[in-house]
Amino acid sequence: MFQPIRLSGMLAATLCLSAALTMAPARAQESTDPIKLTLHDWTGQLITTEIMGEVLKKAGYSVEYVQADYLAQFAGLETGDLHVAMEMWETTGRDAMDAATATGKVENFGETGMQAKEEWWYPDYMKEKCPGLPNWEALKSEACAEAFSIPETAPKGRYLGGPVTWGGFDDERVEALDLPFEVIHAGTDAALFAELESAYQRQAPILLWIYAPHWAPAKYKGEWVEFPPYSKECYTDPAVGVNPDAAYDCGKPFGPIWKVGWSGVKDKWPGAYAAIKAFNINNDEMGAMITKVDLDGKKVSEVVAEWMAANEPRWSGWIKK
């Protein structure tokens, strides 16, 4: 007759521990290597990335922040030398993102929840000097170009673009639309908005790259130029658009801000992968945090710590998915 086997307390405990380890979540088997998140050169991206990094740290991951060029970073993401880029804007990064994901080495991790807009922008006080705005065709007049000129570009107008690493095809747009303007690129994000602040206070002429989510469209009264509507064909086929001989004869695209990364993340750090995909924040939240850094003088780390403290139930859900 079968007799049940009695286990000593120590043996029973050992078997229970073994069973527990066997049934432990996959996260226990994940790599202990640091997850490398890329940092770029604008405040919102630094905030987004540090929030994600802090959430991953709370989940027990090792995190490393790596300064990287916005578009050139895809080389590192494809090789796995870099792992996660938290902001790829539909407006300027879609082509680079699509080319990278087409290799199978980079994955689109989904939307951040923020919607991007980047376009030429001018203060309200410039409308009197350039009748016809916000229609882009107003910029074609010599009088309007001169109204936006500075001594270095006169009689051509000046368009102050973002850092060259941001892309955006502004030089190509000026040529395709035959605009009497010269594109001057700001060296940094901070320099771009410092010049806006200075011009606005003096009511001086300025036409520049403004993006949202950001504090600038809320702080300053102005409008975006209305170019011919964007289409993918406008960027790739010269026959499409108002100039049959040139591409980029239209405005910039609007749309989501995406999360992208090395395709190996999901296998090497599956728990982190789930958290990154779950990450979601909206324009109003981001605009408020950028304001605290750029206008109120707080450090990015301070603003991130405040957000983490105020939103624990929310981010805790990301790492439990």
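**Notes on the model**

1. A disulfide joins Cys130 to Cys144, with an S to S distance of 1.8 Å. The model is a predicted one, and this distance is a computed value from it. About the S-S bond the angle is -90 degrees, and the link of Cys130 and Cys144 is left-handed. Cys130 sits in the loop between β4 (106-123) and α5 (142-147), while Cys144 belongs to helix α5; the two are 14 residues apart, and the pair links distant parts of the chain. Cys130 and Cys144 are both buried.

2. Another disulfide connects Cys234 with Cys250, at 2.1 Å from S to S. The link of Cys234 and Cys250 is left-handed, with -115 degrees about the S-S bond. Here too the pair links distant parts of the chain: Cys234 is in helix α9 (residues 232-236) and Cys250 in the loop between α9 and β9 (255-262), 16 residues apart. Cys234 is buried, as is Cys250.

3. How many disulfides are there by the distance rule? The count comes to two, the rule being a pair of cysteine sulfur atoms within 2.5 Å. With bonded cysteines counted along the chain, the disulfides follow the pattern 1-2, 3-4.

4. On the aromatic residues, a search of the whole structure finds 23 aromatic pairs. One of them is formed by Trp89 and Tyr211, whose centres are 5.5 Å apart with 90 degrees between the planes, an edge-to-face pair. Trp89 lies in strand β3 (residues 84-89) and Tyr211 in strand β7 (residues 208-212), so this pair ties together parts that are 122 residues apart in sequence. Both of these residues, Trp89 and Tyr211, are buried.

5. Trp166 and Trp209 make an aromatic pair as well, and it counts as edge-to-face because the planes stand at 75 degrees, with ring centres 5.4 Å apart. The cut-off behind that label is an angle over 60 degrees. Since Trp166 is in the loop between β5 (157-161) and α6 (170-176) and Trp209 is in strand β7, the pair ties together parts 43 residues apart in sequence. Trp166 and Trp209 are each buried.

6. Which residue lies over the face of Trp209? That residue is Lys252, at 3.5 Å from the ring centre.

7. Is Gln203 buried, exposed or partly exposed, and why? Gln203 counts as partly exposed because its relative accessibility is 42%, and that class runs between under 20% for buried and over 50% for exposed.

8. Leaving aside residues up to four places away in sequence, Gln203 touches Tyr125 and Lys129. Gln203 and Thr188 are 15 residues apart along the chain, and 22 Å separates their C-alpha atoms.

Methods. Residues numbered from 1 in each chain as written. Predicted model: local features only at pLDDT ≥ 70, side-chain atom pairs only at ≥ 80, totals over all residues. Heavy atoms only, no water. Phe/Tyr/Trp six-rings, centres within 6.5 Å; stacked < 30°, edge-to-face > 60°. Helix = DSSP H or I, 4+ residues; strand = E, 2+ residues; numbered from the N terminus. Buried < 20%, exposed > 50% of the residue type's maximum accessible area, 1.4 Å probe, protein only. Lys NZ or Arg CZ within 6 Å of the ring centre and 35° of its normal. Contact = heavy atoms within 4.5 Å.
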